[in-house]
Amino acid sequence: MIELLDIIKAIILGMVEGLTEFAPVSSTGHMIIVDDMWLQSKEFLGKYAANTFKVVIQLGSILAVVIIFRKRFIEMLGLGAKKTECKEGRLKLTQVIVGLLPAGILGVLFEDYIDEHLFSLSTVIIGLVIGAIFMIFADLFRKKIPTVETVDQISYKQAFTVGLIQCFSLWPGFSRSGSTISGGVLLGMSHRAASDFTFIMAVPIMAGASFLSLLKNWQYFTIEALPFFIVGFITAFVFAMVSIRFFLKLINKIKLIPFAIYRIVLALLIYIFYF
């Protein structure tokens, strides 16, 4: 039986997910940190249901991206406009597919291993630090004048390369946004172009991961646990709407290094207080 305290825990986890999913700080890492150190959702949901919850509430964040980039998705899908009205030189759906294939394939192949062995504080600390180093490297060695100012200038080769780099994010704590934005910046994209592509590319791969998790773990969605999942989903959606808009206005100004410093400090604090 889910109690009020459990609902509060779902709200907290939803907030963490929504605020961190698209910032380069690792939402999965933050949820593992908050849950393992304080909330302990595994105690009343069970290990696999708790891990599934962390994946499923990402659907709330995905919905926020779909709403914010709705015109872009409608255009890429060829809906709502005649073919003669479609603009040339725009980001294509095929480019997004090329970008998400590498991590999508690896994610399916190693899903069980990741769920079983990599969802822990120690692996998150490693991911936070290594991901931060990569972000600092990207900011220090990026092109001072980007050759790709907007997402519509991204080539297929760049999309695929960013997709390969995104594979690092399968390690909890590394961060999907951190890896892809850093990779895009190193390839000559502006921080905003890399961020836009990251968010658009995140929708199919996150939706796919959540869908597979739902199919695999449907037995954990009991009537008793359903309120926990619904509250987490709604909370993640609301906070993701706010954080995405804020992040997109901020990223071209502050770049990646401030986020990298935060990650390193967070990893150090976790190590000191937990280990």
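In this predicted model, helix 1 and helix 2 pack with their axes 8 Å apart and at an angle of about 155°. Because angles over 145 degrees count as roughly antiparallel, helix 1 is roughly antiparallel to helix 2. The two helices cross in a right-handed sense. On the helix 1 side, the residues that meet helix 2 are Lys9, Ile12, Leu13, Val16, Glu17 and Thr20. Their counterparts in helix 2 are Ser27, His30, Met31, Val34, Asp35 and Leu39. Sorted by class, this contact has 6 nonpolar, 3 polar and 3 charged residues.

The crossing of helix 5 with helix 13 is right-handed. Helix 5 contributes Leu59, Gly60, Ser61, Leu63, Ala64, Val65, Ile67 and Ile68 to the contact. Helix 13 contributes Phe233, Ala236, Phe237, Ala240, Met241, Ile244 and Arg245. The contact of helix 5 with helix 13 has 12 nonpolar, 2 polar and 1 charged residues.

The next topic is the aromatic rings. How many aromatic pairs does a search of the whole structure find? The search finds 10. In one of these, the ring centres of Phe22 and Phe199 are 4.9 Å apart and the planes stand at 70°, so the pair is edge-to-face. Phe22 belongs to the loop between helix 1 (4-20) and helix 2 (27-39), while Phe199 belongs to helix 12 (residues 191-216); the pair therefore ties together parts that are 177 residues apart in sequence. Are Phe22 and Phe199 buried or exposed? Both are buried. They also belong to a cluster in which ring pairs link Phe22, Phe69, Phe199, Phe247 and Phe259.

Phe137 and Phe141 form another aromatic pair, with 4.7 Å from centre to centre and 35° between the planes, and this pair is tilted. Both residues lie in helix 9 (residues 121-141), where they are 4 residues apart, about one turn of the helix. Phe141 has a relative accessible area of 55%, so it is exposed.

In helix 4 (residues 47-56), 8 of the 10 residues are buried, so the helix is largely enclosed by the rest of the structure. The buried residues of helix 4 are Ala49, Ala50, Asn51, Thr52, Phe53, Lys54, Val55 and Val56. One of these is a lysine, Lys54. Another lysine, Lys71, lies in helix 6 (residues 70-76). Lys71 has a relative accessible area of 71% and is therefore exposed. From Lys71 to Lys42 the separation is 29 residues in sequence and 39 Å in space, taken from C-alpha to C-alpha.

Definitions and conventions: Residues numbered from 1 in each chain as written. Predicted model: local features only at pLDDT ≥ 70, side-chain atom pairs only at ≥ 80, totals over all residues. Heavy atoms only, no water. Left-handed = near helix turned anticlockwise from the far one by under 90°. Contact = heavy atoms within 4.5 Å. Nonpolar A, V, L, I, M, F, W, Y, C, P; charged D, E, K, R; others polar. Phe/Tyr/Trp six-rings, centres within 6.5 Å; stacked < 30°, edge-to-face > 60°. Buried < 20%, exposed > 50% of the residue type's maximum accessible area, 1.4 Å probe, protein only. Axes fitted to C-alpha atoms, helices over the stretch in contact; angles between N-to-C directions. Parallel < 35°, antiparallel > 145°, perpendicular 65-115°, else oblique.
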